[in-house]
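Walk through this structure from the whole chain down to single residues. Keep the 3D view open and follow each stop in turn.

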Amino acid sequence: MNVSDQNTLGLISYSLGETSKRVIICQQNDLFIAQESLFQNTTPTRFYHHQADTFVFIIKGDIYLQQSTQQNAHLTEKETVLKTHQGIWLAAHTINNITLLTPAVELCLIRLSSTRHVEENDVFQKISSGTVELIPGRNHIKTWPLWQGASGSITLELYPAHFKETLYYQKNATQYLLPLNGVAFISNGKKAPESCPTLGKVITKQERRAVLNPSKDSITLLSVMTAQQSKGRILVLTKPN
């Protein structure tokens, strides 16, 4: 198996300060993924004002989040604290300020199809594996559905030790996988499995994939999937050796 730190091919990176940076990983009509690495000494605060509903997921560190919403000359303010592996939906056009509570913070910004809006009761609700029900997944994978809607899904997936997934592809959906701990390997059934980059991997529709965890410890991945039709997951039949 080949281990690599990260695959920067096709990524767009720019500075947010001396050491802080933003990397755009995927930018298409039904999926936007960006990661920000922020440092308290150079970027103690950040301001967000998105034109579409945006899910913020904390990869590492803690932040204090303040949100302001202007409606009919009435200003509404909300606040919360987000910790590692917690996420929250920020509604379109809201004004959001974050303050770093730890020396370093890594976060992921996710937008699904802009034509499908998040339900009002999902907005500004802190979400984590502790707030949603665990669902036993395929082949002993444990899944926590952080959010699921018409435009796609955002989940946490725990893969057990010494795990090897059956090769498959998604008929219509694009998937983004981000390792949150340990090293996940991805195989396409043709080449030697390669480690999932630290910035995550975008897997396009009909692209063969299988997640492998050869280590003795379980690993957790963040999975983002665009909208898929029923029976979108197709197993790949392989010839026996």
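Setting aside neighbours within four places in sequence, S37 is in contact (heavy atoms within 4.5 Å) with S20, K21, V105 and E106. S37 lies in strand β3, residues 31–39. T143 is 106 residues away from S37 in sequence, and the two C-alpha atoms are 26 Å apart.

A word on the basis of these values. This is a predicted model, in which local features need pLDDT of at least 70 and side-chain atom pairs count only at pLDDT 80 or more, while totals for chains, interfaces and linings use all residues. Residues are numbered from 1 along each chain as its sequence is written, and side-chain values use heavy atoms, with hydrogens and water left out.

Now step back to the chain. The protein chain has 0 helices and 22 strands. Both are DSSP runs numbered from the N terminus: helices are H or I with at least four residues, strands are E with at least two. The C-alpha trace spans about 70 × 40 × 30 Å along its principal axes. The radius of gyration, taken over C-alpha atoms, is 18 Å. That agrees with the value near 18 Å for a compact globule of 241 residues, because the globule rule is 2.2 Å times the number of residues to the power 0.38.

Buried residues make up 46% of the 241. Buried means under 20% relative accessible area, exposed over 50%, and partly exposed in between, with a 1.4 Å probe and protein chains only.

The surface comes next. The accessible surface is about 13,000 Å², and 49% of it belongs to carbon and sulfur atoms. These areas come from the Shrake-Rupley method with a 1.4 Å probe; for residues, only the protein chains shown count as cover. The chain carries 23 positive and 18 negative charges, and their mean positions are 11 Å apart. Lys and Arg count as positive, Asp and Glu as negative; His and the chain ends are not counted. Each charge is placed at NZ of Lys, CZ of Arg, CG of Asp or CD of Glu.

Which residues touch the most other members of the largest nonpolar core? They are I33, F57, L222 and V224, in a core of 43 residues. Strand β10 (residues 104–112) gives the largest share of this core, 6 residues. Another core lies apart from it, with 11 residues, among them I141, A184, I186 and I203. A nonpolar core here is a set of buried Ala, Val, Leu, Ile, Met, Phe, Trp, Tyr and Cys residues joined through side-chain atoms within 4.5 Å.

Look at V224 again. Beyond its neighbours within four places in sequence, V224 contacts L31, I33, I110, L112, S153, I154, T174, Q175 and Y176.

T54 is in strand β5 (residues 54–60). T54 counts as buried because its relative accessibility is 0%. Leaving out residues up to four places away, T54 touches I88, W89, L90, L109, I110 and R111. R22 is in strand β2 (residues 21–28). R22 is also in contact with L109, and with residues including I12, Y14, F32, A34 and R46. At 10% relative accessibility, R22 counts as buried.

The loops deserve a visit. A173 is in the loop between β15 (168–170) and β16 (175–179). Is A173 buried or exposed? A173 is buried, with a relative accessible area of 0%. M225 is 52 residues from A173 in sequence, yet their C-alpha atoms are 6.5 Å apart. A173 also contacts I203, T204, K205, T226, A227 and Q228, among residues beyond four places in sequence.

The loop between β10 and β11 (135–136) holds S113. S113 counts as buried at 17% relative accessibility. S113 touches N29, D30 and S151, not counting residues up to four places away.

End with backbone angles. Most residues other than glycine have a negative phi. F124, in the loop between β10 and β11, has a positive phi of about 55°. F124 counts as buried, at 10% relative accessibility. H93 has a positive phi too, near 75°, and is found in the loop between β8 (87–90) and β9 (95–100).
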